[in-house]
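Subject: Structure handover

Hello,

Here is the structure we discussed.

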Amino acid sequence: MLIKSAADIKSSEITSHSAYLNRRKFMQNSGVALAAMGLASTAGALETHAGKQPKFGPDWLKQQVAGATETHFGKDEKLTPYRDVTSYNNFYEFGTGKDDPARNAGSLITDPWSVTIEGECEKQGTFNLEDILKSMPLEERIYRLRCVEAWSMVIPWIGFPLAELLKRFKPLSTAKYVEFTTLEAPKQMIGQRSRFSTIDWPYVEALRIDEAMNPLTLMAVGLYGEILPKQNGAPIRLVVPWKYGFKSIKSIVRIRLTAKKPKTTWEQLAANEYGFYANVNPKVDHPRWTQASERRITTGGLFSRNRIETQMFNGYPEVSSLYTNMDLRKNY
Ligand code: MTE
């Protein structure tokens, strides 16, 4: 992964969790009231992130996202401000600079959107996002996101466990891995048109089936109570909180269950630097930098480096049983 000398993010306002939740409650109540009055489509106008509610996206999705239920995940975490979550991104389809995705992702067409589910499962097919999300309860989970580049954020995602989706397609016993693919559309994605790109598009990621079925593994369709901004992987992306961020593939169009280990984008580019497992591990350094600590983008600030110690599995020890008897130095 290219490493840019990341200048400190300037601090925007700190969004405390309670302030955010109060706001969310207000939005939900307003949404319900407006829906009752037949004015649901204007609910988005009540947005509170300084008018940054995404202008695109279908109303049914905005409403479903706004109605997500709260969970216990990450209640004590200090959230990364919305502005930083949506302006400091990695989405190489839109450029390699941290501010490129926010600037260039407007050209991504996210509605209509369909996802193909195929491979080693009883049921297969291509489905509209609406059909996938129909009768899928959404929840909010505050997760830490640790990038392999040694910065991190805390993000309130809205989504559903991937396991809930996979179960509907009845995986066969031959399904050992799950492969995910991002949209390939050079006309919409400036980074895919670039002659200098070293990535063999489309972006592909994969998990072992038990990792995919783990209750922590989330498919996200929103953040901060709103639909996903395009730069964050609209309309649907993966979030695997105990792994380095590059596993959390954006703008997914295909999910394939496979018997063999899929070839993933970063492993193909530099297998010695970006392993298949990519579990956050402070004891296994990247060949070019330490992974023992990270820069937490929370309050930012010119004088605050916000350097914190990196935790094993990014602080999600409940996944350690997935890796018993595995040498995590070899399987990095
Ligand atoms: N997915 C696609 N399709 N393309 C990408 O370049 N970058 C990954 C991941 N998913 C990437 C991607 C990396 S390196 C990180 S750290 C996270 O997205 C960043 O997610 P965020 O921009 O929402 O914080």
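How do the residues of the shell around the ligand divide into nonpolar, polar and charged? The shell has 8 nonpolar, 6 polar and 3 charged residues, where Ala, Val, Leu, Ile, Met, Phe, Trp, Tyr, Cys and Pro count as nonpolar, Asp, Glu, Lys and Arg as charged, and the others, Gly among them, as polar.

The model is predicted: local features need pLDDT of at least 70, side-chain atom pairs count only at pLDDT 80 or more, and totals for chains, interfaces and linings use all residues. Residues are numbered from 1 along each chain as its sequence is written, and side-chain values use heavy atoms, with hydrogens and water left out.

Ligand site. The ligand is surrounded by 17 residues (a heavy atom within 4 Å); the closest are Asn 89, Tyr 92, Glu 93, Arg 237 and Lys 250. Among the polar contacts (N or O atoms within 3.5 Å), a polar backbone atom of Tyr 92 is 2.7 Å from a ligand oxygen. An N or O atom in the Glu 93 side chain is 2.8 Å from a ligand nitrogen, and a polar side-chain atom of Arg 237 is 2.7 Å from a ligand oxygen. Of the 530 Å² of accessible area that the ligand has on its own, the protein covers 99% (Shrake-Rupley method, 1.4 Å probe).

Aromatic pair. Tyr 92 also pairs with Trp 266: the ring centres are 5.7 Å apart and the planes at 75 degrees, so the pair is edge-to-face (centres within 6.5 Å; planes under 30 degrees apart are stacked, over 60 edge-to-face, the rest tilted).

Regards

Definitions and conventions: A polar contact is a pair of N or O atoms within 3.5 Å; within protein, one must be able to donate a hydrogen and the other to accept it, and residues adjacent in sequence count only if both atoms are side-chain atoms. Rings of Phe, Tyr and Trp (its six-membered ring) pair if their centres lie within 6.5 Å; planes under 30 degrees apart count as stacked, over 60 as edge-to-face and the rest as tilted.
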